[in-house]
Amino acid sequence: MSGNQQYGCGHRHAGADDALPTWADTPAAARPRPTRLKLFLERIQDRLPVTLQGRWRLDRRSGTVLASVVAVVALITGGWALFRAQSHQVGTPHTFAADPAAHSARHTGPPGARTQTSESASGGPAGAAEPEAPSGAEPGSASTVVVVDIEGKVAKPGVIRLPTGSRVMDALHAAGGTLPGTDLTSLNQARMLNDGEQVVVGAPAGANGGPVPQVSTRPGSHGKARLAAPIHLNTATEEQLEELPGVGPALAQRILDWRGEHGSFSSVGQLQEVRGLGASKFAALRNLVLL
Amino acid sequence: MKRRADPPDLRLLPPVAAGWAATWLGLALPPAPTLVAAGGLALCGLYGMAQARRRAADHPLGVEPLAVTACTTLLVAAGLALSAALHVAAGSHGPVPGLAAQSAIVGTALTVTGDPRRIAPTTGPPSSGAPPRPTRRLTLIMVPVRITDVTTSDGTHYEVGDSATVMARIHAPADEQIWLDLLPSQHLLVTGKLVPPRDAGRDAALLIADRAPQVTGGPSLIQSAAGRLRADLREAASGLPAEEAGVLPALAVGDTSHEPPDLADALKRTGLSYLVVVSGENLIFASAALIPLARWAGLRGRAVTGAGFLLVIGFTVLARPGPPMVRATVMSLLGCAAAISGRRFRALSTIAAAVLVLLLIDPWLALTYGFALSVAATAGLLIAAPGWCDRLLDRGVPLWIAGPAATTAAAEVFCEPLLVTFSGSLPLIAVPANVLAVPAAPVATVLGIGAMAADEVWPPLGHAVAWVAQWPVRWICLVARTGARMPGAAVAWPSGLGGCLSLLAAYVGAYALIRRARRARRAKQSHINHRVSRGQIGLDKTGVGSV
């Protein structure tokens, strides 16, 4: 290995001074005397593999340039990350996920304020749920708005709020219109909306894991013709809850306990917070219960 | 014996190493202490630079390079710590971490950012001597996403921008395909439970979903084209036996969606698993095949470069553009470019610069094993492989063995201290397995990409090419399975930090021994000083005895 012979420890100090313009790239006269540290570093350097014997030292100019570039880029990328993580609370929810998770008709009001910290956000749902939830299903605000869940072949499915007296056509419009090619002949667009109902316009193939009627409306609060009468979670007795598939006396009691503890259910999804009610059981129940 | 130009340029190594450490610490700590520490480092660095400048003014020749290097290192570390602190602050910002802490049920609007990954249910034996492992009867599908909207169950609605992972629990078989068919850049509505992420990283939360998502926005044009081509390759390979049909897409474009799990395990145990994750290697194989083809088609000069450029872009899209892909591509392109042409002279500098740039863009990389492994492997290729290859050639080993053996051994040796922390064993079989399997990898990659292109044009042709491609794939599978079964394929070694440190200590010991032995041999050969020679041999023997 010629490299080892050239840079190796055979001529340790001599090599450092003349053959290598690298480790000691300053004229010998400029260095008063090799300090202990320098000698130690040179010995380490000699013992490295050939590929690591080279120029290690930065000069002042490149060091300054490197440090400034790193600082500027760090500020830019960090600032960009902060900017992208910018979150804020928007007024009334207009789009929900495809779950009637928030059927609460409780008027959240137009907060407008930006919730910057996680503290205020985390305090919100838990703290607010208790005192206000009992009035959740009450038609207190229903005199001015109806809340409907519009699902299926519309541009923006989800839970929407509309003025009382709105019709199905208004709901379709508010959900961004129907997707092209949707057959609407069997949907009575002139029907007036009831608070808490779900309007299903077609269905994405297989999205619900089973055959779904192409176009149908299911008035939520008036029972369903094809299903057994749904159980109202906030008013059901223990016996009624036990009629649900997979719910025995113990689980029914826990559901009642949860309701007693939290006042009421403000969404069907909260059933999952009941101890012992797992995801699969919830999936079986979620279409059989109402608030 | 060999051409030797300037000594290697290693000036970037200390700042980048310190910057990496600073990023790592900055991500592990809360932002406030990191910012204070970064400020302190920056002040020290600036003061040192000012001192060096003043002294340089006093003595025009008396620059203080060591101090300058140290100060630059401090300043770079401070910059990267600042970036890490800002990223951590961004991650813990907003309502999502708070909602995750209370396991809230939320409705979310998401954008998919990566490929869905399927985790099969574990059906372990019911506690028959085996450690009690929780059995999971549900299939899980993990999808990396970015949350754009959150609605809590009491109706509050936030616009956010947090990275997260969706863990979809599959209850209905029909749902599984919906989740698996998701493409990056699709927009979804998902309802589920937000919980804190399992391990530290960029994710602000894990979203557990039990129902199929609702797709509200299609994938971008590029992603849907890439998804279509990947589907073409799977289709072309569908006529092959199950194993080959699963491995061919993995080898060609890193599509591991159908890879059999036991083979994945065998590949891991024989140190071949890097072949089936997407990396720059596939790109190099593909361009090695393309360039002669382009010349044959009559392209010259710039046109060939242009074709290569298009290939790089196309392949990056196919294999999913994203931090892992970019990182792998950058690292292996650099490594191979250095190994092929300029040997080692500027390469280490370039790789250090690449690490710096990648860490600045995405500090979370500093925490990922994948990033550390790529850097370690590339460093191995640059630092150790050239010398080892030369030594093997000097001993008369033919190049086609010496090349793969030296590169895989170097990469393996440099990666092993990281790998051993969770594997708890040293795969001794890796080097021979690689020497055997590596020649088949480019053939399989190129034929796989060819099958994909052919299937797009005319499916029967695609099937024909895939049929040819199955033979190199079979060879790699055979090597992996045989290697994994061989006795002594792996040696047990402590795992965790202790394993890593003891392995590093073993390396240092072995290196010192080898170096001493080599010096002794050289001294003997040169016949300069018999007395010194005899002394060296004596030292050598005592050295062996003492270690």
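Start by colouring chain B by pLDDT: this is a predicted model, and the chain averages 77, with 82% of the residues scoring at least 70. Among the elements of chain B, helix H1 (residues 13–28) has the highest mean pLDDT, 89, while helix H20 (residues 530–546) has the lowest, 47. Now pick residues 125–132 of chain B, where the pLDDT is below 50 and the stretch has three contacts in the model beyond near neighbours in sequence. Do likewise for residues 536–547 of chain B: the pLDDT is again below 50, but here there are 13 contacts beyond near neighbours in sequence. A word of caution: where pLDDT is low, the predicted coordinates should not be read in detail. For the complex, the predictor gives an ipTM of 0.73 and a pTM of 0.62.

Next stop, the nonpolar cores. Which residues have the most contacts inside the largest nonpolar core? Select Ala81(B), Leu248(B), Leu251(B) and Ile476(B); the core they sit in has 117 residues. Then centre on Ile476(B). Leaving aside neighbours within four places in sequence, Ile476(B) is in contact with Leu272(B) and Leu275(B), and also with Ala437(B), Ala440(B), Ala441(B) and Ala444(B). There is a second, separate core too, of 34 residues; to find it, click on Ile147(B), Ala168(B), Leu183(B) or Ala209(B), which are among its members.

Now over to the strands. Select E1 of chain B, residues 105–112: seven of its eight residues are buried, leaving the strand mostly covered. Show E5 of chain B (residues 187–195) as well, and you'll see E1(B) pair with E5(B) in the antiparallel sense over seven bridges. One bridge to check there runs from Thr111(B) to His187(B) in E5(B). Then bring in E3 of chain B, residues 139–152, which runs antiparallel to E1(B) and is joined to it by seven bridges. For this pairing, look at Gly107(B), whose bridge partner in E3(B) is Thr151(B).

Is H13(B) largely enclosed or largely open? Largely enclosed by the rest of the structure, because 11 of its 15 residues are buried. Those buried residues include Phe371(B), Val375(B), Leu381(B), Leu382(B) and Ile383(B), as well as Ser374(B), Thr378(B) and Gly380(B).

Note on methods: Residues are numbered from 1 along each chain as its sequence is written. Chains are lettered from A and ligands numbered from 1 in the order in which they are written. This is a predicted model: local features need pLDDT of at least 70, side-chain atom pairs count only at pLDDT 80 or more; totals for chains, interfaces and linings use all residues. A residue is buried if 20 or more other C-beta atoms lie within 10 Å of its own, exposed if 12 or fewer, and partly exposed in between; C-beta atoms are placed from the backbone. Helices (H or I, at least four residues) and strands (E, at least two) are DSSP runs, numbered from the N terminus. A nonpolar core is a set of buried Ala, Val, Leu, Ile, Met, Phe, Trp, Tyr and Cys residues joined through C-beta atoms within 7 Å. Two residues are in contact if their C-beta atoms, placed from the backbone, lie within 7 Å. pLDDT is the predictor's confidence in each residue, from 0 to 100. Two strands pair if DSSP finds at least two bridges between them.
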